Amino acid sequence: MAISESDVRHVALLARLALTDEQVRHLTVELSSILDHVSEIQSLDLAGVEPTAHPFPMRNVTRPDVVRPGLSRERALLNAPEAEDGAFVIPRIVGAEEEA
Amino acid sequence: MAEPRRIVDMTGAQIADAIARKELSAREAAEAALAEIEALEPRVHAFNQVTPELALQAAERIDAMVASGESLPPLAGVPVAIKDNMNLIGTRTTCSSRILENYESVYTCTAVERLLAAGAVPVGKCNMDEFAFGSSTENSAFGPTRNPWDLERVPGGSSGGSAAAVAARMAAVSLGSDTGGSIRQPGALTGTVAVKPTYGRVSRYGLVAFASSLDQIGPFARTVEDAAAVLQAIAGKDPMDATSVDEPVPDYRAGLEAGVEGLRVGLVTDMLEMEGCAGEVRAAVENAARVLADLGAEVGEVELPMSRHGLSAYYVIGPAEASSNLARFDGIRYGHRVKDAEDVLDLYMRSRAEGFGPETIRRVMLGTYALSAGYYEAYYGQAQKTRTLIIREFADAFERFDVLLTPTSPTVAFGIGEKASDPLAMYLSDVYTIPLNLAGLPGISVPVALCSESGLPIGAQIAARHFDEATMFRAAAALERALGLDMTPPLVAERQR
Amino acid sequence: MAKDRLNEVLERYEAVIGLEIHTELTSLNSKMFCGCPVEFGGEPNTRVCPVCLGMPGALPVPNQAAVEATVLAGLALECEIARFSQFHRKNYFYPDMPKNYQISQYDLPFCAHGHLDVEVGEGDAAYVTRIGITRIHLEEDTGKMIHVGGSEGRIAGADHSLVDFNRAGTPLIELVTEPDIRTPEEARRFAQTLRTIFLALGISDCSMEEGSMRVDANVSIRPRGAVELGTKAEVKNMNSFKALHDALAYEIVRQADLVDAGGRVVQETRHWDAAAKRTSALRSKEEAHDYRYFPEPDMVPFEFTEEWIAAIRERLPELPAARRDRYVQTFGLPKHDARLIAEDVPLAQFFEQAVDAAGAKLAKPVANWVLGELSAHLNATGAAVGSCGITPEMLAELVVLVDEGTISGKQAKEVFAEMAESGDMPAAIVERRGMRQVSDTGAIEAVVVKVLAEHPAEVESYRSGKSGLIGWFVGQVMREMRGQANPAVVNEVLKQHLDQ
């Protein structure tokens, strides 16, 4: 399963990782080798086998519609790299859709 | 077990007992653990943060209870170390990552809360592979943890700090997390008893997620009894975790002495024959099977050919879930953030690239790729189906056997740096532990031998049916008693002199 | 936008419209996956917890009431309810989304394959069109951003933004229609009708202004008679039913103009600017979406049994259309009036309680009062039906007083004003003010005789054919009796005397 440098760059954008050219080169080799190994499951005959997302077959786990105490604003913002007027600060948004 | 020479050599049960009998105060136990950490930590580096204030506060509460004659909780005064991916108010939770280097916990993990409610005394937060990605604790942003049996070797991982802390007597017990072997493998490499409970047995609330469908919190201890006591304290349904299971928690310690007469033990032969399994590891596990047979167990052989594909399925499912779980580390609400970001995209891209170490980047990339358009079925879909077959194969095996016996890891502790440059070789050290995570089954690693050549510990893994930790503990305790191994690392022996 | 222009375009082109409607389940106590309260507004980041802030290690647990509300909505819209369903993660980075994935539903939504019959137009031009509902699923809302340093709080040109996660995690249902809508008016009526249903179900306050109901539309056009679909544009930011209508009308004409001029419609997202009355393209994203959906591993799947679904179905209230038909059939209300009352749940409850108290035969006058004086009063005071000071019993008593002839319709309006003011029962007001209307034929007859005797000329005119003078005579009698005579009785007695 070959993965190209351009694949790696595309995936890095999806994953929001700014990689150096050197990282891209290394990851192309490493990911190819790992994918090559894990691709062995593609040769298994899995027709008609249901996928398992949870190791234990539980159903319908919910909580009642009850209000519980949350975090104080101080604690909510305790780890904020930048806060202003009780809100988290972010730089400008470019090239993204406006919120609906 | 030999009579303990020092407070820190006492097991958790011995400490709790001595405190209850007023032969020891919780404060003395805490101070002894803190002193041992101070002495050994420069060489072992098991901790990211030592918490003397929290420890002494907790110890004082226990001593006050003793003074007032209140009935004591089961782990009263037992020093415990906690893997640094579990939130505890008053501590940082760093996951050994730059991106969370200064992250202050704003709430407490359910399992930790339950452990502290049971009287345990928190001495610190333990080093780990970054976000639990690794099998050696070398992938920590804050430097590797060293194996108390040989400081030039790794303690295994990802819960290497928690394992080393217990092996080196810096804590009586500890908590780790296990996604593909991250408790059991370091347990084997450090000669400790290490438990991954059934998926859903222990709440994951407050454990920083690696792979949500695989992660479980579990204990490290120096005895099966202590491991059982810690699981007893942390197990049970938590309304904050929708995947925790509402099954009654039996008294795990009640059956420890019951022995293995008539217990059906399946020795997983194809795992022993797997290429890469060290001869002494194989011999030690076969010997363990013989010991169990001598004790009256009905030992048979079984093959688990589908489990061979577990590694591949795991290296798709684990990274896929991790890539999504780690998306929240974006430098907006918490965590590392570049100072001069031009815009939000730039902020995300550079904060994450700077904050994550190489193995984290590798896994996030792998998982993102496996879920991306056009590849989902070939990787994630196929891995989930493989998972189904592995679960079925175990179900079949448990029709014939009550427990299954395998090595925990193919080799003893390897040298620091030895596998650092070869991710695949590193991944192989979890080949025996991963299938249990995929199937959600409980497993325990118990020391079964010391390698004649290196003197390093070898562990065997005992797996049981879903929620049948009691049987697993019973088999492990029988083996522990019969083998009577002295699991004192040279570093500890040196301190005891 | 001239309406003629749209009509002209729609003669040549068929518009194909599908709607995507997000509705917050505002009537719930707590958020979708945590125990934080569901409320509008508030100081930033004061209704948050580790779960809805996406703190490391926090886990979501779904709100049972939100699941039930979604299934209730599905049943109201004739959907099939999934026997097996689950949440998925939709992965994409955006600063208002704490986990950088949204917990949503993908290929296994709770509800699918429903429909809603929508009545469009009035009178002879009225028609009913059935709009298919593709799916209804449950998800979590995002936080909100305030853009600082730009114009009018828009993203474009902003220097930085502030993020508030109070709204993050609010339960949100997404409804997607089939592309069955053909005109802006149909789209508006669909959204309005859906709103009345959700209000009747009591699952949301459905405020388009506050954003608890948000409508996006996919629009394309094709030449009349063509089968192949045109390229669609997605239109967003329509904050009222009028905006929905106007944006679609604009967009249809825009696309037609483009095609007429030999151009092509581009698949894109367009933003409705209500002030400028036009849509404009949003800057397109740098990358195509790849949401990497996968089953949410922090939660387990849902399996709904027949019994469970039946129990939810039991909770379905009478829906507005059925209620309207009942008002027409049982009470004989005009269809228009019946609909106005039936679509407004509190008003309908008031109406039915008043009819209970006044008797079913008085349903029509009760409806008239509800739609007339009561609605005017509510509009003027801004009060809600339940807290406006007038109870169904008060209105019922008033209607009965008029029906029994105790007071005239004109007097009743005065009584209404006073009871709105004082909160007193109408009978007490009538008593206190001595408004009791005279229906005693003897007393009226005496006055009639007197009036006729005083106006022989008018009597002569009437008898020679000017029968319209009857009204003038009634006025004279009423004046003599200071307005307290029953006009119907006066009329009758007058006629007896004049026509003899």
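Predicted model: local features only at pLDDT ≥ 70, side-chain atom pairs only at ≥ 80, totals over all residues.
Before you start: residues are numbered from 1 along each chain as its sequence is written, while chains are lettered from A and ligands numbered from 1 in the order in which they are written. Local features need pLDDT of at least 70, side-chain atom pairs count only at pLDDT 80 or more, and totals for chains, interfaces and linings use all residues; side-chain values use heavy atoms, with hydrogens and water left out.

**Exercise 1. Describe how domain 1 and domain 2 of chain B meet.**

Step 1: find the domains. Domain 1 of chain B covers 7-305 + 391-496 and domain 2 covers 306-389; such bounds come from an automatic or database domain assignment. Their C-alpha centres lie 26 Å apart.

Step 2: look at the contact, meaning heavy atoms within 4.5 Å. Domain 1 of chain B brings 35 residues and domain 2 of chain B brings 32.

Step 3: take the buried area, that is, the accessible area (1.4 Å probe) that two parts lose on being put together, summed over both. The two domains of chain B bury about 3100 Å², with 61% of it on carbon and sulfur atoms. On the side of domain 1, Ile99(B), Phe133(B) and Tyr427(B) lose the most area to domain 2 of chain B, together 25% of what that side buries.

Step 4: check for a salt bridge (a side-chain nitrogen of Lys or Arg within 4 Å of a carboxyl oxygen of Asp or Glu). The count between the two domains of chain B is 1. Arg308(B) and Asp270(B) meet in a salt bridge at 3.7 Å, N to O.

**Exercise 2. Describe the contact of chain B with chain C.**

Step 1: chain B supplies 38 residues and chain C supplies 32. Together they bury about 2700 Å², 61% of it on carbon and sulfur atoms.

Step 2: the salt bridge count here is 1. Asp298(C) and Arg204(B) form a salt bridge, their closest N and O atoms being 3.1 Å apart. Helix 10, helix 11 and helix 12 of chain B each supply at least two residues of the side that touches chain C.

**Exercise 3. Which strands stand at the edges of the open sheet of chain C?**

Step 1: write down the order. The 9 strands run 2-6-7-10-1-11-12-13-14, with mixed pairing; two strands pair if DSSP finds at least two bridges between them.

Step 2: read the ends. Strand 2 (80-81) and strand 14 (278-281) of chain C each have a single partner strand, so one side of each is left without a neighbour in the sheet.

Step 3: Strand 2 of chain C is joined to strand 6 (residues 111-120) by 2 bridges, and the two run antiparallel. Ile81(C) stands opposite Cys111(C) in strand 6 of chain C.

Terms used. Helix = DSSP H or I, 4+ residues; strand = E, 2+ residues; numbered from the N terminus.
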